[in-house]
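Hello,

Here is the structure I promised to pass on to you. My notes on what turned up in it follow just below.

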Amino acid sequence: QVQLVESGGGLVQAGGSLRLSCAASGRTFRGYAMGWFRQTPGKEREFVAAINWSGGTTYYADSVKGRFTISRDNAKSSVYLQMNSLKPEDTAVYYCAARAILDTTPEYDIWGQGTQVTVSS
């Protein structure tokens with residue numbers, strides 16, 4: 001079973017950048033597709049980006065396309081989310097998640113604890 005721990009969140013001004021990391025424990029990381037989701041109070045968890053096991057296929061929400069980049073390093077059992085040109089509406093708790101198949105819905109099997117991203121105007 002894979003366990004996930006996110007890091008890299010924080011407070012940034014609009015237009016700035018942050019890089020989120022998600023470190024996975026366990027030997028089977030390579031076999032999982034990985035996703036990033038975000039959630040604000042009172043709202044449902046929202047898809048942000050996803051990447052397949054090899055890194056060869058990626059999906060993005062329209063709201064982040066062109067600004068965010070998902071990547072993974074299977075040798076380091078890690079997945080990353082580079083966030084550029086941040087906007088106040090990107091403020092949320094960001095979660096990484098793992099699933100056997102690549103998916104853009106929140107139907108992932110394994111979740112991290114989340115990391116807060118706050119973008120000030």
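**The disulfide**

Searching the whole structure turns up 1 disulfide, meaning a pair of cysteine sulfur atoms within 2.5 Å. Before the details, a word on the source: this is a predicted model, in which local features need pLDDT of at least 70 and side-chain atom pairs count only at pLDDT 80 or more, while totals for chains, interfaces and linings use all residues. Residues are numbered from 1 along each chain as its sequence is written, and side-chain values use heavy atoms, with hydrogens and water left out.

The partners are Cys 22 and Cys 96, with an S to S distance of 1.9 Å. The link connects distant parts of the chain: Cys 22 belongs to strand β3 (residues 18–25) and Cys 96 to strand β9 (residues 92–99), 74 residues apart. Strands here are DSSP runs (E, at least two residues), numbered from the N terminus. The link of Cys 22 and Cys 96 is right-handed, with 45° about the S-S bond.

Are the two cysteines buried or exposed? Cys 22 is buried at 1% relative accessibility, and Cys 96 is buried at 0%. Buried means under 20% relative accessible area, exposed over 50% and partly exposed in between, using a 1.4 Å probe and protein chains only.

**Strand β4 and its partners**

Strand β4 (residues 33–39) has 6 of its 7 residues buried, so it is largely enclosed by the rest of the structure. It runs antiparallel to β9, joined by 7 bridges; two strands count as paired if DSSP finds at least two bridges between them. Within this pairing, Gly 35 has Ala 97 of β9 as its bridge partner.

β4 is also joined to strand β5 (residues 46–51), again antiparallel, by 5 bridges. There, Phe 37 stands opposite Phe 47 of β5. The hairpin of β4 and β5 has 6 residues between the strands, and Gly 42 takes a positive phi near 85° in it.

**Thr 115**

Thr 115 sits in strand β11 (residues 115–120) and is buried, with a relative accessible area of 10%. Its side chain reaches the backbone nitrogen of Gly 9 at 3.2 Å; a polar contact is a pair of N or O atoms within 3.5 Å, and within protein one must be able to donate a hydrogen and the other to accept it, with residues adjacent in sequence counting only if both atoms are side-chain atoms. Leaving aside neighbours within four places in sequence, the residues in contact with Thr 115 (heavy atoms within 4.5 Å) include Gly 9, Leu 20, Ala 92 and Tyr 94.

Best wishes

Note on methods: Helix = DSSP H or I, 4+ residues; strand = E, 2+ residues; numbered from the N terminus.
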